[in-house]
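Please examine the sequence and the model before reading on.

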2 protein chains.
Amino acid sequence: MNKFEKPMGKKICDTGRNIKRFLSYHLDEYSLGDGQFGILYEIAGNEGISQEQISKNRNVDKATIAKAVKKLIDNDYIYRVKDKQDKRAYCLYCTEKGIKFIPEIKRIIILENATVTKGFTQEEVDLLSHLLERVTTNIDDFFEKEK
Amino acid sequence: MNKFEKPMGKKICDTGRNIKRFLSYHLDEYSLGDGQFGILYEIAGNEGISQEQISKNRNVDKATIAKAVKKLIDNDYIYRVKDKQDKRAYCLYCTEKGIKFIPEIKRIIILENATVTKGFTQEEVDLLSHLLERVTTNIDDFFEKEK
């Protein structure tokens, strides 16, 4: 089959959506969407990080990050403090509830990985990882040329 | 590196998000989100399909499909007609504007595939495709067992 007949982009997106279903299934009881889950984990590993930095790290627009941060604050997983240097920016920290939730996040990530790569040899894991990195590089290159 | 140290789920989701960025870049001028784009293409290939069937085919909840369908109707890409058999259901069809847009969708899909798989041999395309299918099967199996 010719490579153009199989929409690879769609296949990757569909697989990603399936993985998000898996995450939602495990996170629903905590009032956490899969976007918020990742951001909470990022804040836990980088206490004091700014929304802007999260936006850059995740390659997601600021408005989307702002919405997720608001939900995390509303659900008492994180809190924010005005940056002393840059008065327009906020530094984000985990609340006690957020900190207590981190082991559960780790447990879900381990379960997710075990499920996603079930039956894979280490070579196959490395191969899939490598092929996906090449896809990302291809798209980055496209945007680089469009600049 | 141990396979649990690299979150494969995150890598697949991130790659999918990157591909969606590519789609958004090409679709913004048409007031089409990447979700609507796929649904429009599906209706074009299955004139008269119901929202429920699209929801099943794409494994996406009905509310999300309903939102995307509404946007497609508002932007005059599709229209809906009450099902003669099932009065609660609607059959979806492309408008003239929708039909005229299909070649552009095909062009974007071809460009997307060429970009995503740039530098890939046919064997690598097949391999990536096969590994992603195994990931999907793994997640389906997980949900099957949870039932």
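Which residues touch the most other members of the largest nonpolar core?

## Basis of the report

The model is predicted: local features need pLDDT of at least 70, side-chain atom pairs count only at pLDDT 80 or more, and totals for chains, interfaces and linings use all residues. Residues are numbered from 1 along each chain as its sequence is written, while chains are lettered from A and ligands numbered from 1 in the order in which they are written.

## The nonpolar core

Ile39(A), Leu40(A), Ile39(B) and Leu40(B) touch the most other members of this core, which has 57 residues. A nonpolar core is a set of buried Ala, Val, Leu, Ile, Met, Phe, Trp, Tyr and Cys residues joined through C-beta atoms within 7 Å; buried denotes 20 or more other C-beta atoms within 10 Å of the residue's own, with C-beta atoms placed from the backbone.

Beyond its neighbours within four places in sequence, Ile39(A) is in contact (C-beta atoms, placed from the backbone, within 7 Å) with Ile54(A), Ile65(A), Ala68(A), Val69(A) and Leu72(A).

## Two helices of chain B

Helices here are DSSP runs (H or I) of at least four residues, numbered from the N terminus. The axes of H2 (residues 34-45) and H4 (residues 62-74) of chain B come within 9 Å and cross at roughly 80°; axes are lines fitted to C-alpha atoms over the stretch in contact, with angles from 0 to 180 degrees between N-to-C directions. H2(B) and H4(B) are therefore roughly perpendicular, a term covering 65 to 115 degrees.

Note on methods. A residue is buried if 20 or more other C-beta atoms lie within 10 Å of its own, exposed if 12 or fewer, and partly exposed in between; C-beta atoms are placed from the backbone. Two residues are in contact if their C-beta atoms, placed from the backbone, lie within 7 Å. Angles under 35 degrees count as roughly parallel, over 145 as roughly antiparallel, 65 to 115 as roughly perpendicular and the rest as oblique.
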